[in-house]
Amino acid sequence: MNKIYNPTKNDWQTLLQRPTKTVNDIEGTVNQVFQEVKTEGDVAVTRYTTKFDKVSLTSFLVTDQEIQEGIASVTSELQEAIQTAKQNIERFHTAQKTERVSLETTFGVQCWQEKRPIQKVGLYIPGGTAPLFSTILMLAIPAKIAGCQEIVLCTPPDSEGKINPAILYTAHLCGVTRVMKVGGIQAIAAMTFGTETIPKVYKIFGPGNQFVTVAKQLATKYHVAIDMPAGPSELLVVADEAADASFVASDLLSQAEHGVDSQVILVSTSKELMDEVENELEKQLKELPRKEIAAQAIANSKLIFVEDDEIALALINEYGPEHFIVCTIDQNYYVDNVANAGSVFIGNYTPESAGDYASGTNHTLPTNGYTKQYSGVNLDSFLKSMTFQKISQDGIMNIGNAIELMAEAEGLQAHKNAVTLRLNKLKGE
């Protein structure tokens with residue numbers, strides 16, 4: 001990792017750049033795939049699945065038999081672990097339900113707000129070297145709690161045209177209505193436009209590589225909402241002499257192993273801790289099965305020394321990490337004052353892995369600095385807030401004149417007339 005000491009504020013922007021390609025580098029490819037899927041449907045999806053996933057499929061839909069075979073091949077121990085995680089995630093997301101908000105704003109004017117589910121949602125689940133079945137828990141569980149009618153899951157097949165059994169088990173457990181063997185740009189395009197076999201959805205959720213991230217952003221141009229711009233994973237740890245260097249190193253590596261474009265950062269007010277963490281990284285990296293991937297991510301990552309907590313917090317808020325771990329003497333300073341982070345993990349015994357799997361919080365989080373504008377996925381992500389109003393005769397008499405005056409001042413005579421006609425009738429004119 002690169003070690004930096006006391007960087008000046010002028011250097012922060014350059015120092016904190018993510019190791020990602022620009023949109024211009026990949027937007028052309030994404031646009032081409034979108035246009036072909038829009039015009040050719042399943043034919044284009046099949047072609048790109050053969051090209052990108054190296055497999056030719058006669059059908060994208062996972063059959064009931066495939067699901068049952070997948071379930072049977074998942075060990076009972078893993079099934080129990082997934083069920084434990086499911087219970088905690090259900091508890092935390094069910095607790096996010098809110099009651100109807102109702103208020104009489106003026107006598108005779110009743111206003112209220114209710115939440116209704118998004119009817120059709122699409123879940124994108126990465127496959128490949130790390131099939132993220134845990135992400136199904138994070139997306140399908142709140143979708144079911146919200147009451148979404150159709151939950152479509154797209155995930156890339158392996159070279160034999162199969163889906164990881166744990167993905168199939170978790171999808172079945174969480175009530176996914178349809179599982180499709182489609183990945184990458186073509187999956188996002190298919191859920192955007194709909195094809196002969198893949199349904200069009202109203203909102204797309206889920207993480208992915210940079211191509212998937214750009215594809216999701218392009219989907220918004222075609223009236224499909226997305227959860228957030230969620231790209232390569234990232235983690236920032238702030239730590240001082242209160243931290244355990246081996247724990248810090250393990251957390252950094254846990255994100256580094258996601259992919260070569262992941263980024264991990266340690267910000268510390270202790271040079272001694274930085275040296276200890278660096279040694280631990282070298283030691284632990286050698287033992288990882290995915291050490292080649294993690295090593296490339298570590299090459300893009302940094303150990304940053306700053307003089308005090310105030311500077312450290314300012315730098316962290318400028319970066320806006322997806323995952324933020326606090327292992328410091330004064331934990332409350334960071335917890336109370338952090339403004340930009342996707343999910344915060346506090347203390348030596350709160351690894352980021354807990355949030356990835358089983359603590360109950362959601363691990364689908366904004367990356368690439370988007371924590372400054374976006375929240376992570378939660379129950380409300382699958383709901384729409386609708387407002388209602390009912391006005392009595394007394395109510396329209398009470399606010400009618402204000403509406404007339406405002407509409408006239410804006411030059412909208414029809415708006416004024418809609419009220420004037422009602423007021424005149426009530427006045428007997």
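The protein chain holds 17 helices and 14 strands; both are DSSP runs numbered from the N terminus, with helices being H or I of at least four residues and strands being E of at least two. The model is predicted, so local features need pLDDT of at least 70 and side-chain atom pairs count only at pLDDT 80 or more, while totals for chains, interfaces and linings use all residues. Residues are numbered from 1 along each chain as its sequence is written, and side-chain values use heavy atoms, with hydrogens and water left out.

Totals for the protein chain are as follows.

| Property | Value |
|---|---|
| Box filled by the C-alpha atoms, along the principal axes | roughly 90 × 60 × 45 Å |
| Accessible surface (Shrake-Rupley method, 1.4 Å probe) | about 20500 Å² |
| Distance between the centres of the positive and negative side chains | 10 Å |

Carbon and sulfur atoms account for 50% of the accessible surface. The charged side chains number 36 positive (Lys and Arg) and 52 negative (Asp and Glu), with His and the chain ends not counted. Of the 429 residues, 48% are buried, meaning under 20% relative accessible area with a 1.4 Å probe and protein chains only. Among contacts (heavy atoms within 4.5 Å) with a separation of 6 or more, 75% join residues 24 or more positions apart.

I298 lies in helix α12, residues 291-299. Because its relative accessibility is 10%, I298 counts as buried. Leaving aside residues up to four places away in sequence, I298 touches M1, L253, A256, V264 and L281.

Note on methods:
Buried means under 20% relative accessible area, exposed over 50%, partly exposed in between (1.4 Å probe, protein chains only). The place of a charge is taken as NZ of Lys, CZ of Arg, CG of Asp or CD of Glu.
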